[in-house]
Amino acid sequence: MITAIERLKIRLAVSVELSGKPAKVSEVIRGFQATEADGVWHLYRGMKQIDDPRERAIIFGHCLEEESHADAFVKAYKHYGGRVFTPTHYERKALYAGDEPIWKTFAFVHVGEVDATQRFRILSQELPPGALKDCLSNVVSDEEGHVDLTYEMLKRLGATDSAIRSEVRWVRVRRLWERWLRTGKRLIDNLANISLSIVYYVFGALLFGAARRRLARGFVTYDNNKMKHL
Ligand SMILES: [Fe+2]
Ligand SMILES: [Fe+2]
């Protein structure tokens, strides 16, 4: 069901919002790049809290792959945007407080891998041939591997299957809430922009009329002592 809704949303985005609009495509790619770069940051933080050198080496390899995805998206951005890439800044904060077991951080990463694999796969299927489709196809094959990699890591870090299931449910609720907050913020920003535009154009039109009438008289009088009366 979620896949069907997701597919519909992506299909609409591809055919309505992105089709024939390389500038919009480049903005979407900028978001993907930020997500990949953000993932590296969380992985790296998680890695520093693990002592086992084998696990650290696995996470480091994972970091390198996510970094290569971020680089691939920068390349795709330049292809569509035709300009220098400027990164989006994410607010970076730890996923969990210090006393939570480290596997929970990787549960969060695991959910991100599942969602990224699903969305990138659908998007690459819906897109017409091109640089972004090629880029996503390569990324998806790595992401599929990351889903299993992170799940196995959770178990090696001591999480049971039932604990993983319950944490994944909690992560999904948390991600949904964060998405809702972002949507709400975007909505408020848009409403503020619309209100300011209305004020600007209404006042602009009135002041334009007044200025035009004054200028039509050939000279403009101005009381230099006006400020003194205030
Ligand atoms: Fe990735
Ligand atoms: Fe990944």
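Predicted model: local features only at pLDDT ≥ 70, side-chain atom pairs only at ≥ 80, totals over all residues.
The chain contains 7 helices and 0 strands. Read from the N terminus, its elements follow the order α-α-α-α-α-α-α. The radius of gyration is 25 Å, whereas the globule rule gives 17 Å for 230 residues; the chain is therefore more spread out than a compact globule. Along the principal axes, the C-alpha atoms occupy a box of roughly 85 × 45 × 35 Å. Of the 230 residues, 23% are buried. Among contacts with a separation of 6 or more, 75% join residues 24 or more positions apart.

The largest nonpolar core holds 23 residues. Ile29, Phe73, Ala76, Leu132, Cys135 and Leu136 touch the most other members of this core. At least two core residues come from each of five helices: helix 1 (2-18), helix 2 (22-48), helix 3 (53-81), helix 4 (103-126) and helix 5 (131-156). Helix 3 is the leading contributor, giving 6 residues.

With residues up to four places away in sequence left out, Leu136 touches Phe120, Leu123 and Ser124. A second core is separate and comprises 12 residues. Its members include Ile59, Val109, Leu149 and Leu154.

How values were computed. Residues numbered from 1 in each chain as written. Chains lettered and ligands numbered in written order. Core = buried A, V, L, I, M, F, W, Y, C linked by C-beta atoms within 7 Å. Buried ≥ 20, exposed ≤ 12 C-beta atoms within 10 Å, placed from the backbone. Helix = DSSP H or I, 4+ residues; strand = E, 2+ residues; numbered from the N terminus. Contact = placed C-beta atoms within 7 Å. Rg over C-alpha atoms; globule rule 2.2 N^0.38 Å.
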